[in-house]
Amino acid sequence: MMGRTSIFFWKWSFVSAAFAHLAVDEIPWVKELQGRGLKGEATPSRGCFNGKGVKYWGAETSKDFEGWVPLTLMDFVPVNRSFYMQVPKGVGSGVFPAPLLFGLHSQGDQADIYAASHEFGAFGKALNFITVYPQGLDDAVPGGGDMGTGWNVGTAGDEQTCVNDEVTADCYASCWEQGKCGSCNWSGCYDERLFVYSIIQAISSVLCIDHSRVYVTGESNGGMLAHYLVQSLPGTFAAVAPWYGLPLLGYGLGAEFELVRDTKNCRQTAMLQLHGRQDEIMPPQGGVSGGFMPGWIYEPLNKVQQGWAAVHECDTVASEAKSYWDGGKQNFACFDYKGCSSGRRIMRCFYDGGHGDLPEGNVAEQITLWFLLQYRLDEAAQAAQAAQVTNFTQVLNGGLNPLHVTSHSKISKSSPQLRAFV
């Protein structure tokens, strides 16, 4: 299942103390993944047959590649975007399709900083997957409120997602131009679905990836985007793992109620959520946020997951689920909805901590990868996803073609220009 994982025998200095003395193949959750195997077949991308590999971006094939890739695509206007990549040496360059993991940064953050602050790149070298970190945009109007780089999660112009006199909000330029301003606006209005889908297409034409094993995780606003992506691009992601990020009020089932409209494809996606018990910014019990970001209204985590559990035909109530990381100083504990007829899991884990806090010892990365890498889309979902490419122009942006993208051949390891031209 895990490809060449068995050739790695070094000690992992970045894993939690309980596993730090073990070789990769001896770590319990890695052994579980190796022993379990994956049902179904890989779905090779075009890059498996005629891709040029990382040299297409000016990188050396004999080394690990880490750097920025610029991307020009057609949103409601042409826009320059970028993403940061971590590609282990040899992964995605042969005929063995590699899993692809999306990591989504928080509000005001940058993709390369997010990558450096987590260990997905190190795990990718050991477990043979590629990690991509899309960069959010900041197109705040000069002189207005600037909340930094953020993600459009489909709520712009909706006046019911905040307590108007409590929030700090402003309308970004891309929202002004599309008539999507409102008192609860806090990010730009470029289409992140278009952006992420275009990244998949751009990478899959250059590298050998497995379309049945595309995953997404993200923290805070990035966790919100993770929820939005799996709702609005059903049949694209095999599993999702948001960290302390929740949908805003009214968006627990999707902006267009996709979990109801497209149950068949939505039930292909497994879900794990990590959340601090004392989070006031995005309270796990839902309701109005407090702390330094008051006034936003969020869906309760249990209600969000009950919706997903219904889609997967799981038990209606979550029960205790054992994990390798239970207990510890932060009282790590998990729950899931058992008996899912889809064969997937809907799971959440809590720990003592506030917004932005994570369990000690890279537990978040470990349980996220343990969970995500168990799943792939089944053949029916893959066929539906392939058909979606044809119909995608009707879904996004009034007919603009998301595949009309230009991925420039040279990469940069310095921070890109983050402000879009409008």
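I began with cysteine 266, which counts as buried because its relative accessibility is 0%; buried means under 20% relative accessible area, exposed over 50%, and partly exposed in between, with a 1.4 Å probe and protein chains only. I noted that this is a predicted model, in which local features need pLDDT of at least 70 and side-chain atom pairs count only at pLDDT 80 or more, while totals for chains, interfaces and linings use all residues. Residues are numbered from 1 along each chain as its sequence is written, and side-chain values use heavy atoms, with hydrogens and water left out.

**Confidence**

I looked up pLDDT, the predictor's confidence in each residue on a scale from 0 to 100. The protein chain has a mean pLDDT of 86, and 84% of its residues reach 70 or more. Over residues 1-14 the pLDDT is below 50, and this stretch has 53 contacts in the model beyond near neighbours in sequence, a contact being heavy atoms within 4.5 Å. Residues 389-422 also have pLDDT below 50, with 83 contacts in the model beyond near neighbours in sequence.

**Disulfides in general**

I took a disulfide to be a pair of cysteine sulfur atoms within 2.5 Å, and by this rule the count comes to 6. With the bonded cysteines of the protein chain numbered in sequence order, I read the pairing as 1-8, 2-6, 3-5, 4-7, 9-11, 10-12.

**Cysteine 171 and cysteine 181**

These two cysteines are joined by a disulfide with an S to S distance of 1.9 Å, and the link is left-handed, with -75° about the S-S bond. Cysteine 171 sits in the loop between S4 and helix H5 (173-178), and cysteine 181, 10 residues apart from it, in the loop between H5 and helix H6 (192-206); helices (H or I, at least four residues) and strands (E, at least two) are DSSP runs numbered from the N terminus. I found cysteine 171 buried, because its relative accessibility is 6%, whereas cysteine 181 is partly exposed, with a relative accessible area of 29%.

**Cysteine 314 and cysteine 340**

The sulfur atoms of this disulfide are 2.0 Å apart, and the torsion about the S-S bond is about 105°, so the disulfide is right-handed. Cysteine 314 lies in the loop between H10 and S10 and cysteine 340 in the loop between strand S11 (333-336) and strand S12 (346-351), so the pair ties together parts that are 26 residues apart in sequence. Both cysteines are buried, cysteine 314 at 13% relative accessibility. Leaving aside residues up to four places away in sequence, I listed the contacts of cysteine 314 as Ala309, Tyr337, Lys338, Gly339, Cys340 and Ile346. I also checked aspartate 336, which is 22 residues from cysteine 314 along the chain, and their C-alpha atoms are separated by 9.3 Å.

**Cysteine 334 and cysteine 349**

Here the disulfide has an S to S distance of 2.1 Å, and with 105° about the S-S bond the link is right-handed. Cysteine 334 is in strand S11 and cysteine 349 in strand S12, 15 residues apart, and I found both of them buried.

**Threonine 131**

Last, I looked at threonine 131 in strand S4 (residues 130-134). Threonine 131 counts as buried because its relative accessible area is 1%, and, not counting residues up to four places away in sequence, it touches Tyr84, Met85, Gln86, Leu101 and Phe120.
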